[in-house]
Amino acid sequence: RINGQVFVGTDGGPLAANASGTLPATLTVEAGVTVFGNSPTDGLVISRGSQLVANGTAAAPVVFTSGPAVRGQANYATDTAQWLGISINGKAPINKCDVVAVTPPDAQCQDDGEASSGIFGGGVDDDDSGVLNYVRLEFSGIFFSEEDQSNGIAFQGVGSGTDINFLQVHNKGDDGIDFFGGTAETKNVVITG
């Protein structure tokens with residue numbers, strides 16, 4: 001269970017080497033595991049320089065879902081917005097530099113993620129934020145305002161070293177997947193509901 005807004009690692013900064021004093025981490029979720037957020041304040045954030053390794057299989061996907069779904073109380077046709085979702089912050093280039101006032105494509109170009117999800121962006125095209133392989137995400141995404149939402153999954157400055165393949169996002173309260181800059185590539189992605 002995700003309890004509150006859970007950050008994996010601490011912000012590693014915008015450059016290839018993690019900034020001094022930061023604590024990178026890898027969260028590994030094995031095939032067949034279900035991870036859930038129980039309320040609209042529960043979410044998962046992968047900090048710059050850290051990784052999420054969710055490496056499911058066709059027969060045993062990794063499922064990120066809501067507490068009501070785990071308890072059999074979610075309606076797969078209509079329910080949305082039951083938890084925040086996942087934000088992955090990378091070090092790849094972005095073009096909106098609100099944190100450090102520079103002109104893109106400067107490696108110091110950084111921005112604040114929506115839904116208090118931390119800082120993202122930098123100068124590492126092939127930054128590696130981990131693996132999402134055979135992953136299903138359900139009932140996430142909260143619309144707070146026109147300027148602030150959480151999504152099913154927010155790829156924020158995520159680099160091309162990240163492996164994203166066989167991903168489904170179902171019944172989200174805002175965007176299924178949102179890309180904020182970066183160089184990530186995806187294959188076999190389905191957004192439903």
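Leaving aside residues up to four places away in sequence, glutamine 73 touches Pro68 and Asp79 (contact means heavy atoms within 4.5 Å). This is a predicted model, in which local features need pLDDT of at least 70, side-chain atom pairs count only at pLDDT 80 or more, and totals for chains, interfaces and linings use all residues. Residues are numbered from 1 along each chain as its sequence is written, and side-chain values use heavy atoms, with hydrogens and water left out.

**Glutamine 73**
- Glutamine 73 counts as exposed because its relative accessibility is 53% (buried is under 20% relative accessible area, exposed over 50%, partly exposed in between; 1.4 Å probe, protein chains only).

**Nonpolar core**
- The largest nonpolar core has 24 residues, and Phe64, Ile86, Ile153, Phe155 and Leu167 have the most contacts inside it (such a core is a set of buried Ala, Val, Leu, Ile, Met, Phe, Trp, Tyr and Cys residues joined through side-chain atoms within 4.5 Å).
- Among the residues that leucine 167 touches, not counting those up to four places away in sequence, are Leu132, Val135, Ile153 and Phe155.

**Lining of the largest pocket**
- The lining divides into 3 nonpolar, 4 polar and 6 charged residues (Ala, Val, Leu, Ile, Met, Phe, Trp, Tyr, Cys and Pro count as nonpolar, Asp, Glu, Lys and Arg as charged, and the others, Gly among them, as polar).
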